Amino acid sequence: MNKIRADALKKVLVLGSGALKIGEAGEFDYSGSQALKALKEEGIKTVLVNPNIATIQTSKELADKIYFLPVNPYFVEQVIKKEKPDGIFLSFGGQTALNCGLALDKLRVFKKYGIKVLGTPVKSIEITEDRELFAKELNKIGVKVPKGSFATTVDAALKIGENLGYPLLLRSGFSLGGLGSGVVNSKEELIKVASNALHNAPQIAIEEYLKHWKEIEYEVVRDQVGNKITVCNMENLDPLGVHTGESIVVAPSQTLNNYQYHMLRRLALQVIEHLGIVGECNIQYALNPENNDYRVIEVNARLSRSSALASKATGYPLAYVAAKIGLGHNLPDLKNTVTLSTSAFFEPALDYIVIKIPRWDLQKFVGAKQQIGSEMKSVGEVMAIGRSFPEVLQKAIRMLETNQDGLLSNGIDDTKLLPTTQRIFVIAQRFAKGENVEDIYEATGIDPWFLYQIKEVVEFENQLPNQKLTQDVVLRAKKLGFSDKILAEAFKTQEDEIRKFRKKWGITPKVKHIDTLAAEYPAKTNYLYLTYHGEESEEIRDSSIVNSLTKNEQRKAIVLGSGPYRIGSSVEFDWCCVTCAQTLREKGLETIIINCNPETVSTDYDITDKLYFEQLTFERVSDIYDIESSKGQQDVSLVLGFGGQTPNNLALRAYKAGYKILGTSPVDIDRAEDRHKFSDLLDKLKIDQAPWQSLKTVDEALSFAKKIGYPVLIRPSYVLSGSAMNVAYSSADLKKNLKTAKAISSEYPVVLSKFVEGAKEIEVDGVSQKGELLIYAISEHVENAGVHSGDATMVLPPQRLYLETVRKIKSATRKIIKELNISGPFNIQFLAKENKIMVIELNLRASRSFPFVSKVTGKNFVDLATKVMLGEEISGIFKTLDLDYVAVKAPQFSFNRIKGADPRLRVEMSSTGEVACFGDDLAEAYLKALMSTGFKLPKKGIFLSIGGKKNKLDMLINAKKLAGLGFKIYATEHTHEFLKESGIKNTRVYKISEKKQPSVLNILTSGKVDLAINISEGGSPEGETAGYIIRRNCIDLGIALVTNLQSAELLVSAMTSKKLEDLEIKSWDEYVS
Amino acid sequence: MRGKLTLSDGTVFLGESFGSEVNASGEVVFNTGMVGYPESLTDPSYFGQILVLTYPLIGNYGVPEKKFWESKKIQVKGLIIQNYIDTPSHFESERTLSDWLKAEGIPALYGVDTRALTIKLREHGVMLGQLRIDNGQLTSKTQISNVKSQMSNEIYDPNAENVLPFVSTEEIEVFDPPAGRGKKNVVVIDCGDKENIIRSLLRRGVEVTKVPWDFNPLAADFKYNGVFVSNGPGDPKMAKETIANVKKVLAKNIPTFGICLGSQILCLAAGGNTYKLKFGHRGQNQPVLNKETNQAIITSQNHGFAVDMKSLSGDWKEWFINLNDGTNEGIKHKDKPFLAVQFHPEANPGPFDAGYLFDEYVKLL
């Protein structure tokens, strides 16, 4: 094998993973950032291709050249042609980067340009990606894989099924997050599932179903000379059959004895040695709970979600070490980055337990089921650290930010023991009703070890109301992970009173370090967690950086992170927090981050002086504030404005508790957040808003809606899980909506507001300094209002706004920030129609689009906001409107992951991520952005189904253009007639209900259509079922789908003006200097 | 029932009793392994020690039947942990850890801040300690004064005497490999050996003759091809007879392999010196580098003393070193078949990475 030497490399290309999507999320920002850091240390120039503008890795400090372009073979080859790197990293950008790399290798691009693939050789990757090859290789060394075989046709699948017997497990190759996998119970089911899976993948695996086997993972590292270690093992609480991304996971394993732990460890080393992995990989096992039988399920020859989790769980920087190994270093030569004295060739010893719980947002999808299985549906995760299982379980539940405070009283009335997103609460309910561990084990396959512990917590909680408030009870409750809030409810008092009681008796959480070596060697870093299983807090080392910068003052800032990634809050806020922390450190403050999301860069322990991997609840933030302010006369402030809504929600309470908060006063934040107060404020400033009212009964709602006229926007109270925003077009619609969601009551009022049709939506992101506008950026949405701003396509600078509108927006913005005396970041959303503007909402915090506007304008809004919040006087004029280029931010959807979900855009957000690309004009930027989300330019036929007369008229010119570009056009009944009358040749297809050929399904499955435009008319229930069938099939068949009229118009005009070859390959600094 | 652990510097840790309600004393040491408490508790190298496990959840998989243990009984004087799990779940579990400890008369505490205790031991070095179980008024640490003087007389120090007679076999035992009689025979000098050393040799087709710690192999009335010096507790310098016997074995050029205490004894027999480490190496994640091959492996370790490489003559070379602190982890004679490692290639608990060393030794026979 030819060895790599770092000093032989001058420029290395790193592929990112693009937008966050289900199965591929923030963990790759962490791994890519670490790789870039490792390269930088070696003095190697770095080129990054990643269109995800909200990431930390696409910041100036990390990579030398950044291309906001699609991570696909075409664009990456163009970048290679231009940049001529001599090495490439494929394993830090998830499955997207890996697949792109494999395709480029197949096209012999690396050979052509003389590029060395760093890390695991392509050949080894191919083995791990092809299930058949993989099974063969493992058989060679006598390592067991699940019995089964591979099929490329449904018939072949049935034959295998006959041999193995049912139930079976079906998996498809080349998949991220187990797409197209599932348990199959019968021949009929197999036919259905196999034909579906074979649409997305050329090959499927059909395997023995290992019912109730444990699922165990190891993270393994190997260098090029064969030194190897397992950094962490993890055990899924859920048995095999629930995707590991959907499982609750603990580290280290809890139910394995020494023999099992080390048997699987030895197998892991044997397998990676045989496969020749260089760097990091992950190996998944099934383990029979009745004996020591095992199967190797798969190997991921790249950094993965699990490796990010393992890094955070152990403190071992897996991605960084993998990158160093890829550059030719060997493990014994690398240092442990926590102790700075011991070797990186070691296996972390944990003296705590870690739990990961996934976060789902299935209620955001119309038609999604709560059941979980072998496909990944979760959108994020949290990790809790503690010293008992009950402690970490209850911590993690609160970290999820789903208004669940513990195991019971969560309003879960479903008692079916199916694997659902709520299973843990269902199990708790069953224990509360006196069920036993054996029965629940039989039904769920969750190891009794976990069930006993859950039962203990439930029994304690059940007994709480019969207890007296004593030190013993409180201490025991805290050790079991109960919140002050639950204790307050049980003892019929206030949370504050419990806190006072605790502090009086010294029942406070203690600070412990994560040091990778279970206290055998001292840690030089401050990676911290809090636990009630401890007598003493550890000494927290002062940061050397702070000491050198702040000689005269001891100022500290605690930045609150954003918690788990979820729909509406993800990596963009991590960028904001990390950027803020960097500025704070530059300014000489001791900087502390609290966050609980293992997929983030903000939870890297070298980003700040101290990292508390902790809950973002008021209770825990207070605990940390107390600890940090306890030592002498220190000035400690909270920073709540960069982690999205989670920290912002704590503002008023923290203020009332007397904590110092940087930036805009929480009293003013409340004036913006409180709908009534904000409305009065707008009235006072004579700024228009859509009429609205908060209503407590259906009758009230109906009469208000009648008064303002339909359509109306319905916003249920956020405390109800499963409640979603909606638009009602008629009284029947409204009644139905309020009734089905049981969404209205005196306790939970509903807000109705006028839904303005045909209006443009405009956002202003900015920083205000003592009520004066310091910097702002105006972005325009492509889609008209009615599409959630998180799902909208944004254009910066705006291309189609009237100057008058811009002027009015600026003026309204100035008035508002003056009135609220804002010092810090803000975001205002406006509606504009016929030169009139209305305010939708104001956020007194950094918004989702802060990284976008910062990176597009080249002015770091977060850095400026942080300085303003620190009281620094900043002056200057920032040019953000008149730019020589255009940037487009486009949403990334993951509808293919959520079976049955309707992919139509609505007022509720459903995108899981975003990308942004630059261009010399709107068309170029838009096409690049769209392609970055996986969109492929159509080549063959286009399917049109346009509801409503106005929509049809609007689409006419575009249909003409499409026909002119030579596409074959297919259309459903009315659209067909309309186009025909207008002289556009098209083929009629029949709705399923018409039972005629060619049907919609025929055409979509025929492979003749590669783009479908389905525009449904607002409020028309007729034809909705037909529309749903079209849309869902497009998603399931991988056909590009557009459901919004303005997007369709922009797409067609862009496709008319630009071809693929016209799209420029320009790096970020070529646009923004 | 509550209990307290008092260290020789006077520090007190309080906890809840979950073992036998008796008092004990010994050297307090910590182990960072995350699995393997049945193996550790029965490891004779822990004789005379109170073991602190840094992993905070102990008892998870109960206790298996005797054939899985490393010796016939629990060897530690006491056990200190953070959280005890009394609801184990494992197909091999026969009883709970608490039941086992009670049956064997070993006291144990849970609810102790084991991380704080470990940091104490790391910073101060290992200390002697006393474990007292009683339901007295053990509510506050400050009530205990002058602990040092109170405990000095009654505390047990396993390094102050030769402890091998307490852990070694009393008579000669012969073990056949699974496939019938082996062609080669190894004399295992039992200084408190772990069962898995015997199993590891047998698995390689070697017949094993286990002899007491003070047995002189040169006086044996049976044939053998090699000598093995096992692991064991205490200060190696206390094992004077064993050192003298091994010296004779080396003089005869008999292939000799030592593990842990065996390595230290080999070093002393070769005229070298050993010293006490501040807090030892006890865990399953200890990285060592083979200086011959430059390959690194992860090893299981349990030792408080180490070989002083500088004290050995030029005939010996350093075979393995610890990648964390550079201490010696193995020695090898430059031309004679003498080798020894400080770590545990037999694992149990711990990784099997070094198992190949048994193959290397068997080849020398």
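**Interface, helix and backbone notes**

Analyst: Between chain A and chain B there are five salt bridges, a salt bridge being a side-chain nitrogen of Lys or Arg within 4 Å of a carboxyl oxygen of Asp or Glu. This is a predicted model, where local features need pLDDT of at least 70, side-chain atom pairs count only at pLDDT 80 or more, and totals for chains, interfaces and linings use all residues. Residues are numbered from 1 along each chain as its sequence is written, chains are lettered from A and ligands numbered from 1 in the order in which they are written, and side-chain values use heavy atoms, with hydrogens and water left out.

User: Which side chain of chain A does Asp113(B) meet in a salt bridge?

Analyst: Lys512(A), at 2.7 Å, N to O.

User: And how many residue pairs are in polar contact between the two chains?

Analyst: The count is 25, with both residues at pLDDT 80 or more. A polar contact is a pair of N or O atoms within 3.5 Å; within protein, one must be able to donate a hydrogen and the other to accept it, and residues adjacent in sequence count only if both atoms are side-chain atoms.

User: Which elements give two or more residues to chain A's side?

Analyst: They are α9 (258-275), α15 (448-463) and β17 (510-513) of chain A. α9(A) gives the most, with eight residues. Helices (H or I, at least four residues) and strands (E, at least two) are DSSP runs, numbered from the N terminus.

User: How much area do chain A and chain B bury between them?

Analyst: About 4500 Å², with 51% of it on carbon and sulfur atoms. Buried area is the accessible area (1.4 Å probe) that two parts lose on being put together, summed over both. In chain A, Asn258(A), Arg387(A) and Glu520(A) lose the most area to chain B, together 16% of what that side buries.

User: Switching topic: what about α1(A), is it buried or exposed?

Analyst: Mostly covered, as 12 of its 15 residues are buried, meaning under 20% relative accessible area, with exposed over 50% and partly exposed in between (1.4 Å probe, protein chains only). Phe28(A), Tyr30(A) and Leu36(A) are among the buried ones. After the helix comes Gly43(A), with a positive phi near 75 degrees.

User: What does Glu614(A) form a salt bridge with?

Analyst: Lys395(A), and the closest N and O atoms are 2.7 Å apart. Glu614(A) lies in the loop between β21 (610-613) and α21 (618-629) and Lys395(A) in helix α12 (residues 389-399) of chain A, so the pair ties together parts 219 residues apart in sequence. Glu614(A) counts as buried at 0% relative accessibility, and Lys395(A) does at 3%.

User: Now the backbone. Where are there cis peptide bonds?

Analyst: One joins Tyr166(A) and Pro167(A), with omega about -5 degrees, and another joins Ala251(A) and Pro252(A), with omega about -10 degrees. Pro167(A) lies in the loop between α7 (154-164) and β7 (168-172) of chain A, while Pro252(A) is in the loop between β12 (249-251) and α9 of chain A.

User: Why look at those at all?

Analyst: Because most peptide bonds are trans, and most residues other than glycine have a negative phi.

User: Ala518(A) has a positive phi, I think. Is that residue buried or exposed?

Analyst: Buried, because its relative accessibility is 0%. Its phi is about 50 degrees although it is not a glycine, and it is placed in the loop between β17 and β18 (527-531) of chain A. Leu340(A) also has a positive phi, about 60 degrees, but Leu340(A) counts as exposed at 52% relative accessibility.
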